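Colleague: Could you take me through the structure shown below, beginning with the interface and then turning to the sheets?

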Amino acid sequence: MEMERNLKTPENSQKASVQVAQADNKIKVAINVNGKTYTREIEPRLLLVYFLREDLGLTGTHIGCDTTNCGACTVLLNGRNIKSCTIFAVQADGANITTIEGLASPDGKLHPIQEAFTECHALQCGYCTPGMIMSSLALLNRKPNPSEAEIRKALSGNLCRCTGYINIIKAVKLASERMNKQ
Amino acid sequence: LIPRKFQYTKAQSISETLTFLQSHPEAKVLAGGMSLIPIMKLRLASPSHLVDISGLRDLSYIKKDRDAILIGALTRHNEIRDSELIRAQLPILSDAADVIGDEQVRNMGTIGGSLAHADPAADYGGVVLAMNATIKVVGINSRTTIAAKDFFVDTFVPALNRGELITEIEFPILPNSSGAYLKLERREGDFAIVGVGAFIQVEGETRCKNAGIGLVSVGDTPIKAYNAENALIGQDLSDKIIEDASDSAAQRDAKPSADLKGSQKYKREMVRVFTERAIRAALSRIRKQ
């Protein structure tokens, strides 16, 4: 509240308007999402998660806490899991992004991690699930045979408020076994 | 949560970045963004211009140079955690990199960005102070080397002048030495309630030739625990010496304040316990060498 009141002083409002006029530049980016390159002109302050959800309509990536805690917005950036609420889309210029929509085959067959989550009942409300699956994918790409401790640590940046962690861990183990057989 | 508007420049080289920072003193440097972006989203800071240096890949490296390990400022926490060289020669840094934030944060955050942010609760602070690391900094017409002990001026205030950039962190590697970093947190991924980095160099069987202790989250800056270090250096590392040094760290070096994570008394007690454990972990690593 204090900050908003301060903004209304004439000096500050003038400053602010100069800043806005200057800052209205848009940046051209080319971001590859799930194998397709999207070229867009975007504001620098646009967060990647909003770019995915609102510009591209890929709403499988969720916004949970919006403060870098919950991991619902997790996507892969060049194969590594990151929180898309804490990166500006301009930072992903030229990068490869994978979202939950990029996992199933074009014919609709689910990814082994998605199948394992279904079979193990690794979700209740499902809100955290896309982020959980993206972090699980990053883990299994890096470590095909993780121990339970490694799974727990790798998923510690993803919160499930239905408290379904036990089944999530079971699902990651099952997916790991199946992916190693493939 | 959406930050205020800002202009964005993607840096192509270090020299271009320095020139840009000189002509745009209001600009902030964006590395991994794991501190800056949350702060901007909460509008605690609203820089009018960001210079994104994450594309300067020549600032991302881990290498051995004679008696030191050199780490480029843009090296990410997970690259440090996964480095075999660091695990073998500087395991105290692997310890710290492994407990910063969570997997997603470690995939973005950089060592230089973390140090420049100078958060008293950041894990690397305890390591660079324990190891007597040096932080290499360039400005438009300057090139300086800052000892870790002189780097942390105040909360979120590093010893950097406007327009300067951290390029490299140098960790000396001494014979018959090792270190360990231990962190107490409420749950995985939190900031430390207490973090302790301990570095020990021995001479003969048990004589302590050199020691470094760095404390995290118990003061306005990360703290170099001089009293604890002096209680160790030159001494035979008996249980009593280790216990006395840990007690010094807790009672004389740590300056904790009470908050939701615990009272001053509790935090001092945890400094004592974790300093002792970190020293013993360092010694155990030396024995295994």
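This is a predicted model: local features need pLDDT of at least 70, side-chain atom pairs count only at pLDDT 80 or more; totals for chains, interfaces and linings use all residues.

Modeller: Residues are numbered from 1 along each chain as its sequence is written, chains are lettered from A and ligands numbered from 1 in the order in which they are written, and side-chain values use heavy atoms, with hydrogens and water left out.

Colleague: How much area do chain B and chain A bury between them?

Modeller: The contact (heavy atoms within 4.5 Å) draws 38 residues from chain A and 35 residues from chain B. Buried area is the accessible area (1.4 Å probe) that two parts lose on being put together, summed over both. Carbon and sulfur atoms carry 55% of the total, which is about 3100 Å².

Colleague: Which residues of chain B lose the most area to chain A?

Modeller: Three residues together account for 24% of what the chain B side buries. They are K5(B), Y8(B) and Q104(B).

Colleague: How many salt bridges are counted between chain B and chain A?

Modeller: A salt bridge is a side-chain nitrogen of Lys or Arg within 4 Å of a carboxyl oxygen of Asp or Glu. One such pair is K83(A) with D102(B), whose closest N and O atoms are 2.5 Å apart. The count between the two chains is five.

Colleague: Which element gives the most to the side of chain B that touches chain A?

Modeller: Helices (H or I, at least four residues) and strands (E, at least two) are DSSP runs, numbered from the N terminus. Elements that give two or more residues to this side are β1 (7-10), α2 (36-41), β3 (49-52), α3 (77-81) and α6 (103-108) of chain B. The largest contribution, six residues, comes from α6(B).

Colleague: What is the strand order of the open sheet in chain A?

Modeller: Two strands pair if DSSP finds at least two bridges between them. In chain A the edge strands are β2 (36-42) and β4 (80-83), each pairing on one side only. Strands β1 (residues 27-33) and β5 (residues 96-98) of chain A run parallel and are joined by two bridges, with V33(A) partnered by I97(A). The pairing of the five strands is mixed, and their order is β2-β1-β5-β3-β4.

Colleague: Which residue in the turn between β3(A) and β4(A) has a positive phi?

Modeller: β3(A) and β4(A) pair in the antiparallel sense over four bridges, and L76(A) stands opposite N81(A). The two strands form a hairpin with two residues between them. The phi in question is about 50°, and the residue is N78(A).

Colleague: At what angle to β3(A) does helix α5 of chain A run?

Modeller: Axes are lines fitted to C-alpha atoms, for helices over the stretch in contact, and angles run from 0 to 180 degrees between N-to-C directions. Helix α5 (residues 129-142) lies across β3, β4 and β5 of chain A. Its angle to β3(A) is about 35°.

Colleague: Which are the edge strands of the open sheet in chain B?

Modeller: Five strands of chain B are arranged in the order β4-β5-β10-β6-β7, with antiparallel pairing. Within this sheet, five bridges join β6 (residues 134-139) to β10 (residues 165-172), and T134(B) stands opposite E170(B). The strands that pair on one side only are β4 (62-65) and β7 (142-147) of chain B.
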